[in-house]
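Please read the numbered points with the sequence and the model side by side.

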Amino acid sequence: MRADPDTGDGVTVVGGGLAGMTAAWTLRGLGLPVRLLEASAELGGMAGSRVIDGRTEDHGVHIFPAWYRNTLRLVGELGLAENLRTTRKFHQLLPGTEFRTADTPAADRLLFLCGVLDLLAQDYRARDESLHDFLRGLRYLSPAAVADIEHLFVASSAAESTAVSAAGFRGSVAAFVRHPGRVRMPRGDLQHWFVDPFRQRLERAGVEVLTGRELTAVTTDEHGVRGLTLRDPAGADTEEAVTGQLVLAIPHGRLAALGPGITGALRPAHGILELTSRPLGALHLYLRRRLPGLPDEHIRLVGSPHAITLIDVGQTWPGHRDSLLNCVVGRVAALRHLAEDEAVKVLVEELMTYLPGLTWADIEHACYQPHSSAPFHAPGPGSARHRPQPFTAFADVHVAGDFCAAPPGVAGMEAAVRSGLAAAESVRRRTRPDLPAVRVDTIGDVPPRVARLLRAALGPAVAAVRNRPRGNGPVRT
């Protein structure tokens with residue numbers, strides 16, 4: 001990190017989520033004066049946590065797959081690699097009166113592999129379709145297998161298969177294939193183990209961090225943004241002139257709300273108005289005892305009506321002796337008509353069908369976060385053409401966020417971090433073209449022709465499986 005900033009007006013980054021934090025960190029590393037403005041009291045955005053009923057509650061379950069190359073490199077730069085633990089496997093549970101794991105028959109595993117290869121064999125550079133349409137075109141997959149694949153996607157993205165991009169799903173699969181290493185997870189809540197240390201390093205590097213500064217409006221002319229309207233926690237507005245570079249790292253809904261002066265300057269112009277988000281809910285259950293038999297790794301509840309995945313973080317987080325079930329609720333929108341206590345009742349009763357022995361008496365505290373006001377960006381079919389580039393028509397305005405242009409399948413934290421790096425590179429090109437380009441690692445892909453060759457090699461085995469009776473899905477063991 002360079003200690004002596006260059007002269008000039010510097011950069012204002014609006015938005016203290018991972019995209020804005022990454023942009024600020026990278027720009028400060030270029031020697032530019034950087035100021036980071038955040039509307040809430042803490043940084044982190046959807047990677048951060050909230051204090052609810054005296055407890056620090058994560059936005060949801062956070063994982064770091066091996067293909068999060070830019071995110072993991074950032075973790076290393078910050079010196080926070082030891083704050084992550086490595087997991088061994090991904091578990092799937094079936095409902096029943098005993099603790100039951102899903103064991104898919106060999107024939108179904110073969111057909112699933114063929115389905116993956118068929119997806120990787122698609123060339124979506126000039127087209128797209130919904131995941132739903134793609135899966136139903138694979139006539140050798142049983143209805144149960146299709147439903148299981150769809151459920152797996154909903155549990156991580158909150159979007160049903162009819163509303164998500166097959167090209168995006170293909171990109172995610174290709175990323176896991178190219179980078180098959182083990183998944184890492186924080187050793188505690190992400191706020192204390194990643195976001196807060198990240199903020200400390202920003203401030204130590206000389207970034208001016210100002211919280212409680214909500215951007216409510218901008219003033220533009222034909223040349224760029226000329227002023228910001230910032231609201232403080234008391235509700236008072238102040239006007240501020242923009243004299244340097246500006247990075248807008250706020251959710252796409254808030255960016256769109258700034259009006260046509262901004263959306264028209266995006267590239268593509270007004271494309272952001274076509275993007276969608278969906279809530280990804282969280283339910284955290286604090287138990288009075290340790291549930292026996294549960295692994296300390298990621299668990300998917302097979303066939304869960306509300307697409308629940310969970311981790312018993314009480315086994316690994318400091319300060320816990322009893323189980324603490326951090327659950328992600330993929331189909332939280334289905335509960336929006338219910339009061340909070342009623343929604344919790346529905347979800348707990350669903351959990352009880354998978355977790356033997358779990359009773360209401362075990363639950364010491366429940367924290368339910370439907371996140372209706374903080375939705376998760378979910379790329380739909382054909383939405384890639386609407387996602388904005390980091391540069392705009394204005395020489396002094398740049399954009400970052402998980403909704404920004406990215407290779408298919410890049411989402412979540414990796415999309416946010418990648419966009420922060422891309423926005424920093426856009427600023428560098430404008431202000432310091434003499435410096436080396438900002439590093440943005442690519443994820444890599446699986447060439448469709450390679451997938452087609454592998455799929456063809458499995459053709460005889462698939463034919464043999466299709467011509468004999470087989471099960472409709474996972475069996476209980």
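1. Two strands are said to pair if DSSP finds at least two bridges between them. In this predicted model, strand E1 (residues 11-14) and strand E2 (residues 34-38) are joined by four bridges and run in the parallel sense. Within this pair, Val34 of E2 is the bridge partner of Val11.

2. The pair belongs to an open sheet of five strands, in the order E9-E2-E1-E13-E21, with parallel pairing. Strand E9 (208-211) and strand E21 (397-399) are the edge strands, each pairing on one side only. From one strand to the next, the twist averages 20°. In general, the strands of a sheet pair through backbone hydrogen bonds, either parallel or antiparallel.

3. Strand E10 (residues 214-221) and strand E11 (residues 224-231) run antiparallel and are joined by seven bridges. The hairpin that connects E10 to E11 passes through two residues, and Asp221 stands opposite Gly224 in E11.

4. Which residues of helix H2 (residues 69-77) are buried? They are Asn70, Thr71, Leu72, Arg73, Leu74 and Val75. Their cover includes helix H1 (18-29), strand E5 (84-86), E8, H7 and H11. After H2 comes Gly79, which has a positive phi, near 75°.

5. Tyr68 is placed in the loop between strand E4 (55-58) and H2. Its relative accessibility is 10%, so Tyr68 counts as buried. Beyond its neighbours within four places in sequence, Tyr68 is in contact with Ile63, Ala411, Gly412, Met413 and Glu414. The C-alpha atom of Tyr68 is separated by 20 Å from that of Asp58, ten residues apart along the chain.

6. A search of the whole structure finds 20 salt bridges. In general, side chains of opposite charge can pair when their charged atoms come close. One of the salt bridges joins Asp441 and Arg73, whose closest N and O atoms are 3.0 Å apart. Because Asp441 lies in the loop between H11 and helix H12 (448-457) while Arg73 lies in helix H2, this pair ties together parts that are 368 residues apart in sequence. Asp441 and Arg73 are both buried. A network of salt bridges links Arg73, Glu77, Arg439 and Asp441.

7. Another salt bridge brings together the side chains of Glu240 and Arg35, at 2.3 Å from N to O. This pair also links distant parts of the chain, with Glu240 in strand E12 (residues 237-241) and Arg35 in strand E2, 205 residues apart. Glu240 is partly exposed, at a relative accessible area of 23%, whereas Arg35 counts as buried at 19% relative accessibility. The values are to be read against a cut-off: buried means under 20% relative accessible area.

8. How far apart in helix H11 are Arg429 and Glu425? Four residues separate them, about one turn of the helix. Their side chains meet in a salt bridge of 3.1 Å, N to O. Arg429 is exposed, with a relative accessible area of 58%, whereas Glu425 is buried, with 9%. In an α-helix there are 3.6 residues a turn, so residues three or four places apart point the same way.

9. Asp189 is buried yet has no salt bridge, and the nearest side chain of opposite charge, that of Arg55, is 12 Å away. Not counting residues up to four places away in sequence, Asp189 touches Ser49, Thr56, Asp58 and Trp317.

10. How many disulfides does the structure hold? The number is zero. Cys327 is in no disulfide, and the nearest cysteine sulfur, that of Cys367, is 11 Å away.

Technical notes:
Residues are numbered from 1 along each chain as its sequence is written. This is a predicted model: local features need pLDDT of at least 70, side-chain atom pairs count only at pLDDT 80 or more; totals for chains, interfaces and linings use all residues. Side-chain values use heavy atoms; hydrogens and water are left out. Axes are lines fitted to C-alpha atoms, for helices over the stretch in contact, and angles run from 0 to 180 degrees between N-to-C directions. Buried means under 20% relative accessible area, exposed over 50%, partly exposed in between (1.4 Å probe, protein chains only). Lys and Arg count as positive and Asp and Glu as negative; His and the chain ends are not counted. A salt bridge is a side-chain nitrogen of Lys or Arg within 4 Å of a carboxyl oxygen of Asp or Glu. Contact means heavy atoms within 4.5 Å. A disulfide is a pair of cysteine sulfur atoms within 2.5 Å.
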